[in-house]
Amino acid sequence: MAKRVAIGTNKGGDGKSATAVRLTEALAQGQLPSGRRPRIGVVDMDPQGNASRRLGWVDTGKQPTVNEAIKADTKGAAADLWQPIGWTAEFAERIVLLPARLTLENRIKEAGETGAWRRLSKALKGADDHLDYILIDCHSQFSHLTQLALAAAHHTLSSSQADLDSLNSARRYRDFVVERGEDLANDDLDWLGVILSQVDSRNSGEVQQVKNARELFGEEKVWGIVPRMTLLHYADEDAKPLCQVRDSTRARAPWELLAQRFIKEVPAR
Ligand SMILES: Nc1ncnc2c1ncn2[C@@H]1O[C@H](COP(=O)(O)OP(=O)(O)O)[C@@H](O)[C@H]1O
Ligand SMILES: [Mg+2]
């Protein structure tokens, strides 16, 4: 079984999908302690499908998605649904995707059905043994789709901007994970910490909020800081890996550090 990490916070626009995509990119180029390069699956649990698109996946409307994996309600349903991403970089072959489109919304109405919250976990059972890590990109509410992700995950990680509403949203997410893991039959689910993203170090208010975040969450829970860089936004817009964007060394650096920390704190099997 892969180590599964859900990426979430209780607010949109705070860099969840950016984290899922860029951490995946850096991890695929990283190294496990064994010297092997990690293989990563991205599960898109946001009906907006932003992570899927940014990974270069082109929706023809015909490919199966995570929606079908959950709807199947059978063990291992995801096994045949993994798809290659659309990037052409060499390391992209170590990344597979369970994409999403708007049809994922149709699963929300099943929330009241017995055991419905377990259906992603069930779909992934035995379907991720060929992978080291799965990153699950969540949407920003605590509704059924997020609960499906949390029931399937081993760990969670947040991303937040350096402002008060964002930090409060990450805190709500942390508390939800800690308090509700047990209700999702996932007692060991933990919150690894928060990545502060889109930080403008010339803005004194944001610098102060970075300090506040360290106090609020604890120094060791602030995983790292990713500066706000137009280049990162345009790489998302153009659905490109950073290695294919000119002058991206500085933009790649924080993600490489984060990937190193990730490999240390989330040991693969
Ligand atoms: N470090 C960054 N610098 C510049 N733009 C960023 C950065 N991180 C994210 N963005 C942009 O901010 C917007 C919101 O990020 P996104 O990952 O979509 O958030 P979420 O998934 O939480 O809604 C996107 O347009 C994304 O490209
Ligand atoms: Mg998103």
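Which element gives the largest share of the lining of the largest pocket? I looked this up and found that α8 does, with five residues; helices (H or I, at least four residues) and strands (E, at least two) are DSSP runs, numbered from the N terminus.

I note that this is a predicted model, in which local features need pLDDT of at least 70 and side-chain atom pairs count only at pLDDT 80 or more, while totals for chains, interfaces and linings use all residues. Residues are numbered from 1 along each chain as its sequence is written, chains are lettered from A and ligands numbered from 1 in the order in which they are written, and side-chain values use heavy atoms, with hydrogens and water left out.

**The largest pocket.** I recorded about 580 Å³ of space in the largest pocket. Here a pocket is an open set of points on a 1 Å grid over the protein atoms alone, where a 1.4 Å probe fits, with protein on both sides within 12 Å along at least five of seven lines, and lining residues have an atom within 4 Å of a point; a volume is the space filled by probe spheres set on the points, which are joined across faces, edges and corners. I counted 31 lining residues, and Gly-13, Asp-14, Gly-15, Lys-16 and Arg-54 are the closest to the centre of this pocket.

**Ligand 1.** I checked where ligand 1 sits, and the answer is the largest pocket, on the rule that more than half of its atoms lie within 2 Å of the grid points. I found 17 residues around the ligand, the closest being Gly-13, Lys-16, Ala-18, Arg-54 and Asp-236, where near means that a heavy atom lies within 4 Å.

I then looked up polar contacts, which are pairs of N or O atoms within 3.5 Å. Oxygen atoms of ligand 1 lie 2.8 Å from a polar side-chain atom of Lys-16, 2.9 Å from a polar backbone atom of Ser-17 and 2.7 Å from a polar side-chain atom of Asp-236. The protein covers 85% of the 560 Å² of accessible area that ligand 1 has on its own, by the Shrake-Rupley method with a 1.4 Å probe.

**The second largest pocket.** I noted a volume of about 170 Å³ for this pocket, and its lining includes Met-1, Trp-117 and His-154.

Conventions: A polar contact is a pair of N or O atoms within 3.5 Å; within protein, one must be able to donate a hydrogen and the other to accept it, and residues adjacent in sequence count only if both atoms are side-chain atoms.
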